[in-house]
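Here is a short briefing to read alongside the model. Take a moment to get the view oriented, and then we can walk through it together.

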Amino acid sequence: MAIDERVIVEAVSGMSLAGNEEGLIPAFGLYLTNHYADFYNRISFGVLGALVRENPELTEDAIALLTEAAHVCAFHTFGGIMVSVEWDALVQPMIDSREDWVRGMVAVVNALGWGRFRVAELVPGERLVATVSDSYEASGYLESYPRADGPRCFLANGGMAGLMNLVYQGDITRRPSLTEELYREVFGHPRSFRSRERLCAAKGDSHCEFIVERMQG
């Protein structure tokens, strides 16, 4: 059975993903956070803007910081989802190949409302090209700032690298414990995956596009 995104989106959308009194959403064996997308955008773009204003030479370091935060988020969030009982019940029966783990996770992301992600190209173990329409990061940026001179979807960019690292570098199919040691092993490997956002709506492109490839090590 191939991944049926419609079924996954309908099922996840029908789950009770409401925040509790602490603003957390217990689901997929972990806690999701419950807050406005603009809240995240204001923090991340504010951090970038403050660092660039004070120390323009730190621009690349600021972007690397935000991207690293996305790597950590993807490792725990995507990884937690892919070893959860909900994944086992809903997505696992549709999985025929390792590549279906990527497509299945993208379907779950779409159900969570982070934009409309599509897998444009997937070369097993080597390369992913993903596109996103209505990225909340790009849309949020344009609501508060003029057109950007570079890509701004830091969380999605790091998230796509995290997804490929989980599937092909960390072998999430074996259900490893998502420890700090495993994170360092996977993301610190000289042949781990990194992503670059080639197109971004925040800089005037029609949509966002991420190219995920292994480092040359």
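Let's begin with Ala148, which sits in the loop between helix H6 (136-144) and helix H7; helices (H or I, at least four residues) and strands (E, at least two) are DSSP runs, numbered from the N terminus. Please keep in mind that this is a predicted model, in which local features need pLDDT of at least 70, side-chain atom pairs count only at pLDDT 80 or more, and totals for chains, interfaces and linings use all residues. Residues are numbered from 1 along each chain as its sequence is written, and side-chain values use heavy atoms, with hydrogens and water left out.

- Is Ala148 buried or exposed? Ala148 counts as buried, at 8% relative accessibility; buried means under 20% relative accessible area, exposed over 50%, and partly exposed in between (1.4 Å probe, protein chains only).
- Not counting residues up to four places away in sequence, Ala148 touches Tyr141, Ala202 and Lys203, where contact means heavy atoms within 4.5 Å.
- The C-alpha atoms of Ala148 and Ala201 are separated by 9.0 Å, although these residues are 53 residues apart along the chain.
- Ser84 belongs to another loop, the one between helix H3 (59-82) and helix H4 (85-90).
- Ser84 is buried too, its relative accessible area being 3%.
- Leaving aside neighbours within four places in sequence, Ser84 is in contact with Phe28 and Gly29.

- Strand S1 (residues 24-27) and strand S2 (residues 30-33) run antiparallel and are joined by four bridges; two strands pair if DSSP finds at least two bridges between them.
- Pro26 has Tyr31 in S2 as its bridge partner.
- S1 has two faces: Ile25 and Ala27 make up the covered one, while Leu24 and Pro26 lie on the uncovered one.
- Two residues lie between the strands of this hairpin, and Phe28 takes a positive phi near 55 degrees there.

**The four-stranded sheet**

- Which order do the strands of the open sheet follow? The order of the four strands is S3-S4-S6-S5, with antiparallel pairing.
- Strand S3 (116-123) and strand S5 (193-199) are the edge strands, each pairing on one side only.
- From one strand to the next, the twist averages 20 degrees; axes are lines fitted to C-alpha atoms, for helices over the stretch in contact, and angles run from 0 to 180 degrees between N-to-C directions.
- Seven bridges pair S3 with strand S4 (residues 127-133) in the antiparallel sense.
- Leu122 has Leu128 in S4 as its bridge partner.
- Helix H7 (residues 154-169) packs on the sheet and touches S3, S4, S5 and strand S6 (208-214). The direction of H7 makes about 145 degrees with that of S5.

**Salt bridges**

- How many salt bridges does a search of the whole structure find? The search finds 13, a salt bridge being a side-chain nitrogen of Lys or Arg within 4 Å of a carboxyl oxygen of Asp or Glu.
- Asp100 is buried, with a relative accessible area of 8%, whereas Arg103 is partly exposed at 34% relative accessibility.
- The side chains of Glu180 and Arg184 form a salt bridge (2.8 Å, N to O). Glu180 and Arg184 are separated by about one helical turn because they are four residues apart in helix H8 (residues 180-187).
- Glu180 is exposed, with a relative accessible area of 53%, and Arg184 is partly exposed at 46%.
- Arg184 also meets the side chain of Glu181 in a salt bridge (4.0 Å, N to O). Glu181 and Arg184 are three residues apart in H8, about one turn of the helix.

**A nonpolar surface patch**

- Tyr36, Phe39, Ile43, Val47 and Leu65 make a nonpolar surface patch of about 550 Å². Patches are made of residues with over 30% relative accessible area and no salt bridge: like charges are joined within 9 Å, nonpolar side chains (Val, Leu, Ile, Met, Phe, Trp, Tyr) within 5 Å. Accessible areas come from the Shrake-Rupley method with a 1.4 Å probe, and for residues only the protein chains shown count as cover.
- Helix H2 (residues 37-54) supplies the largest share of the nonpolar patch, three residues.
- Val47 has its place in H2 and is partly exposed, with a relative accessible area of 32%.
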